[in-house]
Amino acid sequence: KNNSFFILILIIAISFIFVGANIQTKEISLEEALNWGIENNSSIKEIKDSIETIERSLDLIDTEYGFKSKISANPIIAGGSEKQTEGDTNSGSSNGPEISLKTTKLFSNGIILQSEISLKEEDLFDLENLSEGPNSTFSATKSLYPILPIESEQEKYLASNNLLKARENLTWQQEYKKIEFLESYLNLLCLQERLSLAKTNFQYAQEDLNKILKKIEIGEAGERQEIEAKIALKKAEINFLQAQNTFLQQKNGWYLNLNLPEETELSLLEDSPFLEEIIKWADSLEFNLKEEGLIELAVDNYYRIRNILLDQESSQKEAEWNLAKNKPQVDLFGAYSSQDNSWGIGIELSYDIFDGGKQKIEDEGYQAKLENLKDDYLQIVSELKLELSGLINQQEINNLNLEEKLMSWEKAKLEEESYQIQLQQGLISDSEFQYKILDWQESEIDLKSAKDEILINKLRIAHFLGFKK
């Protein structure tokens, strides 16, 4: 059995050697991992995709201000027949086939310039008419009243606000994710140490069983001690495997959350310079958790409140634009035709006397939307106060927890010194002393974990208050 076991271990080791030779692992630092995560995390990428969508819509709106040209030949019919327009009863009244080129230019202030060059089919074979050049017209229009942005400018305004909202969301979520990633890293450091303790405990249990088996051989121990040692070994093995499974699951989940490439590896180190900088910066932050001004500071910084204010601004503009549509419309226009060298300028006035109540219903809809947004604002402020209050209260609990863990660590430290003396005096065995050392190391990990909880919670409070490293 022992030979089979060693052969199996040898095969596994050789397999790892060959696999490792074929895979080139790239090791990155904690800072690089966090920077990668806040750019490539799945939820972050969704926000970035939405930003790109809005930016494309803005680019699409800008195309409305470019020169637009259209060429048409109407109609082209074989056999010399002509297409009659609706209502034509006499083919002789038709203007005949022609080719035209129409160019339009829209400006953001509402001015529309349009030119059209046309040439009739019969003029193509009439040298006299052809020498005079094609017919051309030029026109310009501008809305004078009511004074409001043109439709494309309204769309651009609303899309720009949506872009600001998406960017606010991205900035907030990236910082939030960064703290979340750091929390997972610190948790992994503790799990790594607990795994090491579980492994050591398993080794100690194996050594204890071996000692018992040797004592049985010389008659200094019996079957009961053997069973007790095997039970202790089995428990230690279960604890070790459970610690190993927990560590691997947390590590793989963290890598997945960061969306790291498969060939990337990160060493879990407590003495990371980047981590030390974060701890130093967090320690430098000073704010009175009892101050009411913290709520006001959080309200000014919270991205959801900023976004709801942008929604209110957009909805207010939409309501104003919709109300202006019910006013008299005054347009200025001018035109020039080269056919008879004539030009003209004029004003067009229009007014919808009755629209069947459409305007009133639309206005009521916009007012209801504004009222809902006011309620949403108050709701978000209440939720923010509740969340910030929870973080502040949690920090107080974390501080108390740290005090308790510190006292437990000091107690374990004193016990270690006491057991050291007992070991020297022969009052306890080496095995008992080893297990006591593990207890002290466990309390040390608990102390580190308590400090980590304070750090992460403090970073979350700083995030809500707008403090950035």
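## Briefing: sheet, helices and cores

Strands E5 (residues 135-145) and E7 (residues 329-337) pair in the antiparallel sense over eight bridges. Two strands count as paired if DSSP finds at least two bridges between them. The model is predicted: local features need pLDDT of at least 70, side-chain atom pairs count only at pLDDT 80 or more, and totals for chains, interfaces and linings use all residues. Residues are numbered from 1 along each chain as its sequence is written, and side-chain values use heavy atoms, with hydrogens and water left out.

**Overall make-up**

- The protein's secondary structure comes to eleven helices and eight strands. These are DSSP runs, numbered from the N terminus: helices are H or I with at least four residues, strands are E with at least two.
- The protein has 469 residues, of which 30% count as buried. Buried means under 20% relative accessible area, exposed means over 50%, and partly exposed lies in between, with a 1.4 Å probe and protein chains only.
- Among contacts between residues at least 6 apart in sequence, 78% join residues at least 24 apart. A contact means heavy atoms within 4.5 Å.

**The six-stranded sheet**

- An open sheet is formed by six strands in the order E2-E3-E4-E5-E7-E8, with antiparallel pairing.
- E2 (68-74) and E8 stand at the edges; each has a single partner strand, so one side of each is left without a neighbour in the sheet.
- On average, neighbouring strands of this sheet are turned by 15 degrees against each other, direction ignored. Such angles are taken between N-to-C directions, from 0 to 180 degrees, using axes fitted to C-alpha atoms, for helices over the stretch in contact.
- Strands of a sheet pair through backbone hydrogen bonds, either parallel or antiparallel.

**Strand pairs, along the sheet**

- E3 (residues 98-106) and E4 (residues 112-120) pair in the antiparallel sense over nine bridges. Glu-98 stands opposite Lys-120 in E4.
- E4 runs antiparallel to E5, joined by seven bridges. Here Glu-116 faces Thr-137 in E5 as its opposite residue.
- In the pairing of E5 with E7, Thr-141 stands opposite Phe-333 in E7.
- E7 and E8 (residues 342-350) pair in the antiparallel sense over nine bridges. Asp-331 has Glu-348 in E8 as its bridge partner.
- The hairpin of E7 and E8 has four residues between the strands, and Asn-341 takes a positive phi near 55 degrees in this hairpin.

**H7 against H11**

- The axes of H7 (residues 273-284) and H11 (residues 430-465) come within 10 Å and cross at roughly 65 degrees.
- The crossing is left-handed: the near helix is turned anticlockwise from the far one by less than a right angle, whereas clockwise would be right-handed.
- From H7, Ile-278, Ile-279, Trp-281, Ala-282 and Asp-283 meet Leu-455, Lys-458, Leu-459 and Ala-462 in H11.
- These contact residues divide into seven nonpolar, no polar and two charged. Nonpolar covers Ala, Val, Leu, Ile, Met, Phe, Trp, Tyr, Cys and Pro; charged covers Asp, Glu, Lys and Arg; the others, Gly among them, are polar.

**Nonpolar cores**

- A nonpolar core is a set of buried Ala, Val, Leu, Ile, Met, Phe, Trp, Tyr and Cys residues joined through side-chain atoms within 4.5 Å.
- The largest core has 31 residues; Leu-30, Tyr-185, Trp-254 and Leu-459 have the most contacts inside it.
- Elements giving two or more residues to this core are H2 (30-40), H5 (151-217), H6 (223-258), H7 and H11. H5 provides the largest share, ten residues.
- Leaving aside neighbours within four places in sequence, Trp-254 is in contact with Leu-30, Phe-181, Ser-184, Tyr-185, Leu-188 and Leu-266.
- A second, separate core has 19 residues, including Leu-294, Ile-308, Ile-392 and Leu-465.

**H8 and its cover**

- Helix H8 (residues 293-301) has Leu-294, Ile-295, Ala-298, Val-299 and Asn-301 as its buried residues.
- The cover over them includes H5, H9 (303-324), H10 (358-424) and H11.

**Gln-192 in H5**

- Gln-192 lies in H5. It counts as partly exposed because its relative accessibility is 30%.
- Apart from neighbours within four places in sequence, Gln-192 is in contact with Phe-247 and Leu-268.
- Gln-192 and Lys-251 are 59 residues apart in sequence and 9.8 Å apart in space, C-alpha to C-alpha.
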